[in-house]
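My notes are below the display.

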Amino acid sequence: MKLRKKKIVFLIGLSIIIALLNINFIGFSYKSLSNEEDVEIRNDTKIKTSDYWVENPIYIDDTVSGSDWAWAVGQVWCSFVNGFYVIENVTINGDNSSNCIHIKNSNVPFIIRNCTFYNSSKSMGYGGISLENVNNSQIINNNCSFNNGHGIRVYFSYNNTLLGNIANNNSINGIYMETTQNNTFLGNILINHWNGSGIGGWWNNNNTISGNTLNNNIFGIFLGECTNNTISGNIEINENMLGIYLHKSNNTDVYGNTINSNGYGIALEMSNYTIVIGNVLIGNGMCIIESEAKENVIKWNNCEGEVSPSIYIRDIGGGNFTWAEAAKYLAWVSGSGTWKDPYIIEDITINGNNSTDCILVRDSSVYFIIRDCTLFNASAGAYQAGIKLENVNNSQIIDNNCSFNNREGIHLESSFNNTVSGNIANNNPHSGIFLIESENNTLSENTACYNTGPGIYLMWSSNNNTLSGNTANYNDQGIELFKSNNNAILTNIASGNDYAGIRLDESNYTKVIGNTLNGNTYCISEYDSKGNIFMANNCSGIISSFIIDDSGGTSGALTWVQAAKFIPFCNGSGTWDDPYIIEDITINGENSSSCIAIRESSKYFIIRDCTIINSSSGWGYGGIALFRVNNGMISNNNCTSNYEAGIAIIESHNNTISNNKADNNFGMGMNIWYSDNNAISENTLNDNKGGAGMYILESSNNIISGNTITYNDYGVQSDGNSNDFIGNIINFNDVGLQIHKSNDSVISDNTINNNNFAGLVLNRVNNSIFSDNTIYNSNEGLGLDGCNNNTFFNNDIIENDVKGVSLIEESGKCENNLFYNNNFTNPAGINAVDNGTNNRWDNGELGNYWHDYAGKDKNDDGIGDTPYDIPGSAGSQDNFPIWDDGPEPTKKDLTWIIVTVIISIVGGIAVVAAIAIIYLRKRTKT
C-alpha cells in the first residue's frame, strides 16, 4: 500500500535520523535454528578448567606479530581445540575507553563464547565485541549488554555466525553490521536500544537474520542500502518504533516473522523486489507500508489476524507452498508434519474475495491441523469452500468458523482418515460440510445451520464415516447421504430443517443412532436404501427403539459403553455406585421391535421415568425387554399400548422392577420367563388385552409385592417355585391369581376381589403358605386341583357367588392341605367343596368360621359344639368350627325373667284400670 504524504514525511524524517546517527542495517533470516543447514556451530566441551576469567580489554590483529592468534593462544584466556581458537568464560569491563574485545584482520576459525563484555567506549566504532575484517568466527552465548557503543559490531566481515548472544541496553545498537556478507545472526536477544536498532546496518549483503528477539528498540531490524538478505522467523519483534525497516534495500526476503505491537510493522522505503510473506503483524500502528517502492511481493501476511490472499498448499508442488515451505515461510504455520508434531495453521482470518477457496490443501498425507481460523467469502465455483481438502489424509480441521462462503463451508474430496471437529459452517448457499468420495473420516461436534442445502452432505461413495454430536438445524436437509454406505450417524441434532432431519438416498448399512430430530417435515427419510439401522432417535420428543447387547453379539446393537457414548439420554459407567441410567424419554417401537431391549448384561443399570409404547408382538418382545440380564432396575416407567408385553423379563435374574405402569397393552402387562430372584413391586398392570396382567413362566424365588393388577383376563398366571406374592391388589380380572406347578411359595396379605370366574386358582401347588388374603366377590373364591401339603390360615374368603373353596383331583391328588382360622362367608353359594383326599379343616384346636354353621357353642369357648360338614366326596369335617352364638341362660337368670314378666303384666293391668276409672269419673260428671 502506498503511503500518504504524512507517511512519506515520516519516513524522510527517519532517513535523516539514520544519516545523522550513521546507523545502518540489513538482513536475510530463517525461522528457527533447524533451518540453518549451511552454518557449522561447534559445541565443544568447556576448554578451560579454572574459574571464569576477569581480564582487561583484548585486542587481536592477526596481521601484527605479538597481537595475533599465535600470541593469543599463549594467554590464559585462549585455547586451541579441534582447529578452533577458543576464548570463553571471560568477563571484560571496557572502562568506557575501548572495545571489550576487538578482533581484526582474521581469517582463521575461532570461537568466542560464554563471555560477558560491558562498558565499552561510546562511539560507532566500538562495542562489547568488535569484529573488523574478520571471517569464519562463531560468537556464541555471550552477554554484550550495557555497552556505551554497540553490543556487537561487525565491520567488513564475512561468513561469521552470531548465535544466542544477549545484547541489551546498549547506548547505540544491539548488533551493528556494516559492509558485511554471508553472516548469520541467529537466536540473539536484543532489547532496549532507543538510540538505534536491535540489529541493523548499512551496505550488507547476503546475510541471514533469523530466530532473534528484538524488543523496545527504535527499529527492531534496520537495513540501509543492502541487497539479497534474508529476515526470517524472528520470534519477537515487539514494541519497537518500527519492527522491520528497509531503506533502499532490494531483493530482501522477509518471511515468517512475528512483529507485534510496534508503531509500524514493516516499512519498505525505496526498497524493491522484496518478498514479504507469511509474517504475523498484530497490534501495530500500521501493518505494512511502502514508499517509492516497486515490484515487491506482499502476500499471506497475518495483519490483525487476517491473511490475504487465499492459501493453496499442495504437498507435491504446484501450489503456493508445500507443507515444508509453508512451515518455513509462514509465521502462522508451525510443526514438522509428524503425528507428534503436526503442521499447524491457526488463529488467522482469510477472506476468499469470492475468487477461490480460502484454504486449499491438496495431495497431502502428512499430519496437519487447521484450527481456530475464520474463513469466509470463498468462491461460488464448483466445490469451492472456506476449507477444501482434496486427496488429503491425516488432517484435523478443528474449531474453525467457515460461515458465509459462496458455496460450501468445508469440503472434503477423495480424502481419508481426517477429523473435522468443533467447526461452525453456517449460512453457506450449498452445504455446511460436504464430503464427496471420502472415507473413514470423523465429523464431530460441528455446527452446520442455515445452509441452503444440507447442513452435512455425504455424496458418492463417501463410506465408513462417523458423524457424531453435530448440530445441523434449519437447513434444507439436516444430514443427507447419497450413494454412501456403512456410515455411522450418532447423537447429532438436526432440527427445524425444511425437509428431513436425516435423509438416506440409495445409502445402505448405515447406523442412525441417538439423534435428536425435532420439528422437521420428516424425521428420517429413507429412499431406495437397505440394511440401515435406526435406534434411539428422538423425533419431536418420540424416540425410536434400540438394543443394548453388552456381549456385542447382536447385529445393530450397542454395548453399554457405546450406549453411554452415542445415546444422549444414557449416562453412567455401569458400577453399583454409578449405574448406567436411561431416563425421561418417550420411545415408540413402531410395532417392529422392543422399544428398549437389554441383552447379555451384568452391568448395573437403571431405566426410569420413561414412556414406552408400540413395541412389536412376538416371543421375547416388550416395551422394555430384558434377556439374560442381571442387576437392572426398571422403575417409574409407563409401558402402554405394546403388542406383546409392557415389560418382558427373560432368563434374567436379580433385577428390580418397581413402580411401573404396564397398562392397556395388547399382550401381557408383564412377562417373567425363566427368571429368578427378581423383586417385582408396586407396579400397576391394568386392562391388558392378551391374557394376563403378569405372566410368570418357569421362574422361581421372585418376590411379587404391592402390585395393583386389574381388568385383565388373568391378573397373574404364575409357574415356578418359591415365588412369594405379598400385599398385591388383584381385582376385577376374569381370574385373579392362578398358580401352576409351584412349590414352597408364600401368598399373603393380598386383596383378590371382584374377579369374574375365580379369585385364586391353584394347580399342582405344594408346600406353600396362604395367609391373610382377602378373596371376595368372585364366582369361585379359591380353587385347588392336584395340590398337596399347603396351609391356609387367616384368609377372608367371602361373598363369592358359587363356591368359597373347591378342592378337586382332576390333575392329581389334592391331599393333606390344612385350613384353619379362615373366614368362609359366602351366603350366595357354598362355602367349601372337598373332593380331595385327607385334607384337614382344622389344626386340632381351631377350625374356620362358617357363616352357615347350624350348631351351638354351649360352653361359649368360641368353638362350635358339633363339627361342620364339608360338602364333597371326601366327607371332610371341620371339627373345631369357629362360632359364637352368645351365652346360654342359667336358672337364676330364668327366675328373674319370670318375676320380670309378672311384674310387667301386673303393672300393665294397674295402668289400664287407672285409666278406666278416670274416664268413668269424667263421664259421670258430664
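Ground rules. I worked on a predicted model, in which local features need pLDDT of at least 70 and side-chain atom pairs count only at pLDDT 80 or more, while totals for chains, interfaces and linings use all residues. Residues are numbered from 1 along each chain as its sequence is written, and side-chain values use heavy atoms, with hydrogens and water left out.

Charges. I found a negative surface patch made up of D860, D861, D865 and D884. Patch members have over 30% relative accessible area and no salt bridge, like charges being joined within 9 Å; a salt bridge is a side-chain nitrogen of Lys or Arg within 4 Å of a carboxyl oxygen of Asp or Glu. I placed D884 in the loop between β90 (877-878) and α5 (891-925). Helices (H or I, at least four residues) and strands (E, at least two) are DSSP runs, numbered from the N terminus.

Backbone. I noted a cis peptide bond between S308 and P309, with omega about -5°. P309 sits in the loop between β29 (306-308) and β30 (311-314).

I then looked up positive phi at residues other than glycine. Y509 has a phi of about 55° and lies in the loop between β47 (500-505) and β48 (511-513). Y509 is partly exposed, at 44% relative accessibility. E698 has a phi of about 45°, and its loop runs between β69 (692-697) and β70 (703-705).

Terms used: Patch = residues over 30% accessible without salt bridge, like charges linked within 9 Å, V, L, I, M, F, W, Y side chains within 5 Å. Areas by Shrake-Rupley, 256 points an atom, 1.4 Å probe, with all protein chains shown as cover. Lys, Arg positive; Asp, Glu negative; His and termini not counted. Charge placed at Lys NZ, Arg CZ, Asp CG, Glu CD. Buried < 20%, exposed > 50% of the residue type's maximum accessible area, 1.4 Å probe, protein only.
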